[in-house]
Amino acid sequence: MENISKQFFKSRQSPRGPSRLELSDSSASNNFLEFLLTESPKLTQKYGDTIQLSAKQYLITGPNAFKHILKTNPNNYTKRNLTYDRIKHIFGNGLIVSEGPIWEQHRQILQEAFTRDRLTEYATVMTSTTQDFINNWRNQSSNSINLVKEMMHLTLTIAFRVFSNYNPTLKDLQIINFAIQHGTPHISHALFVHPWMPSVNNLLFFWSIRRMNNALQNIITERHTNGKSYGDFLDLLLSSNFNKDEILDEFKTILLTGHETTACGLTWTWHLLSKHPEYRLLLEQELNTVLGDRTPTFDDCASLPMTKAIFLEALRLYPAIWVLPRRVLQSDTIDGYDIPSESQLILNIHALHRNPHYWNNPEQFYPCRFLGEYPSERHTYAFLPFSIGPHSCIGSHFSMVEGILLIATLAQQLRLEALYNKNKTSPKPFLSLRPPNKMPMKFSIR
């Protein structure tokens, strides 16, 4: 009886956390997302994997809790909170926002776009589009590029081509990237206000989203009018029983999420390789051995372990989707702690990926950790760049294939060197973990 009583009270205890004074003393306390980015790893070392920030707000940085919340008991943790209410202004009710029967129906239909056969077809478009960009760079008068803009434009062009058989104009790319670059900081800000408030930032935000929606709706309308069928993602949407708004929301969601996460990962990859040329040399040696001068294909992805490891390590250090907010529906026990209903949870993937309890030298760029050198060091759920459970990223395999093939195609022909201060470059914590707007690099022909 005594043992049972001790176990009961152990499960009912609350997790530890910093005091209000400690939080207020933080240099990043005026910006909550900045606080989460810079302070979460420190709090994890001091207080553990589950941390209480306020009466009903908890920070999650450990793999066991991630598994429980996202995979074991996901129906108890809803997306419905302030953050997702804001995201809806950009994504509508697409897969990234929706839940319940609508989400289940849409997910089941749309996952057909990510079969192995489809990925094999997409791979050809990925490499040919990358070659187009390389040719354009080589034909320009300067040997420098803004890496951030080029990676965003490259992956967005690929997304348009594979998902809608549409070749975007520069204006199309600029319209969408403007909406993203202005939109994510705006809705990430603590002072974001409702659409009816006539502030300058609000007016600019909703104007940019409306302009993006109009551009995408024109593409959808044109496809619907001409009656041509390409067997692509857009055809999948038009042949479904989705209404007009649902088609736009899902088309927009796949284009935006299908390019930004990979673009961010690729940008940080080249940044890290510029800082660590020894791994760039290993990458080039692998490409020389496996590919020679031929263009990589989908089947080559399995034969490029160093290329894949470098991309995975970039995603570990800089996961594009770095925080997942959840609201607790019914009280539950997480990591032995009682978490009351209506609590707000912040699942910090960035801190999880740098948690020293599960990673050896977590701040170090060390791709070999993904080559099996330390197979026992990593918890199964300590690496979650695409989340886990039923709401994991539907395009995770697409993103991995794209990352490997684009790195291989670019590194075969070019070397990229940073023209900025590599040691003073840090990510911008918005809804996604974005690089700075400008990261100039010079390229040289191999």
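**Reading the calls: burial, contacts and helix packing**

Analyst: Leaving aside neighbours within four places in sequence, Gly389 is in contact with Leu70 and Lys71. Contact here means heavy atoms within 4.5 Å. This is a predicted model, in which local features need pLDDT of at least 70, side-chain atom pairs count only at pLDDT 80 or more, and totals for chains, interfaces and linings use all residues. Residues are numbered from 1 along each chain as its sequence is written, and side-chain values use heavy atoms, with hydrogens and water left out.

User: How far apart are Gly389 and Lys71, in sequence and in space?

Analyst: They sit 318 residues apart along the sequence, yet their C-alpha atoms are 4.2 Å apart. Gly389 has its place in the loop between helix 15 and helix 16. Helices are DSSP runs of H or I with at least four residues, strands are E runs of at least two, and both are numbered from the N terminus.

User: Why is Gly389 called partly exposed?

Analyst: Buried means under 20% relative accessible area, exposed means over 50%, and partly exposed is what lies in between (1.4 Å probe, protein chains only). Gly389 comes out at 24%, so partly exposed it is.

User: What makes Ser387 count as buried, then?

Analyst: Its relative accessibility is 18%, which puts Ser387 in the buried class. Ser387 is in the loop between helix 15 and helix 16, and it has a positive phi of about 65 degrees although it is not a glycine.

User: And Pro385: how do you know which class it belongs to?

Analyst: Pro385 is at 13% relative accessibility, so it counts as buried. It too is found in the loop between helix 15 and helix 16. Not counting residues up to four places away in sequence, Pro385 touches Leu315 and His353.

User: What class does Glu342 get, and why?

Analyst: With 39% relative accessibility, Glu342 counts as partly exposed. Look for it in the loop between strand 7 (337–339) and strand 8 (344–348).

User: What makes helix 16 largely enclosed?

Analyst: The count does it: 17 of its 18 residues are buried, so the rest of the structure largely encloses helix 16. End to end, helix 16 reaches 26 Å from first C-alpha to last, close to the 26 Å expected. That expectation is 1.5 Å times one less than the number of residues.

User: How do you know that the buried residues of helix 13 are on the same side?

Analyst: Start with the list: Tyr279, Arg280, Leu283, Glu284, Glu286 and Leu287 are the buried residues of helix 13. They cover an arc of only 160 degrees around the axis, which puts them on the same side of helix 13. The arc is taken from the directions running from the helix axis to the C-beta atoms. As background, an α-helix has 3.6 residues a turn, so residues three or four places apart point the same way.

User: What covers the buried residues of helix 13?

Analyst: The cover includes helix 12 (244–275), helix 14 (305–317), helix 16 (396–413) and strand 9 (414–418). Just after helix 13, Gly292 takes a positive phi of about 65 degrees.

User: Why is helix 10 called roughly perpendicular to helix 12?

Analyst: The two pack at an angle of about 105 degrees, with their axes 10 Å apart. That makes helix 10 roughly perpendicular to helix 12. Angles under 35 degrees count as roughly parallel, over 145 as roughly antiparallel, 65 to 115 as roughly perpendicular and the rest as oblique. Axes are lines fitted to C-alpha atoms, for helices over the stretch in contact, and angles run from 0 to 180 degrees between N-to-C directions.

User: Which residues meet there, and what classes are they?

Analyst: From helix 10, Met212, Asn213, Leu216, Gln217, Ile219 and Ile220 meet Lys244, Ile247, Leu248, Phe251, Lys252, Leu255 and Leu256 in helix 12. By class, this contact has nine nonpolar, two polar and two charged residues. Nonpolar covers Ala, Val, Leu, Ile, Met, Phe, Trp, Tyr, Cys and Pro; charged covers Asp, Glu, Lys and Arg; the others, Gly among them, are polar.

User: What makes Leu110 buried?

Analyst: Its relative accessible area is 1%, so Leu110 is buried. Leu110 lies in helix 6 (residues 100–110). Setting aside neighbours within four places in sequence, its contacts are Leu95, Phe233, Leu236, Leu237, Phe242, Glu250 and Ile394.
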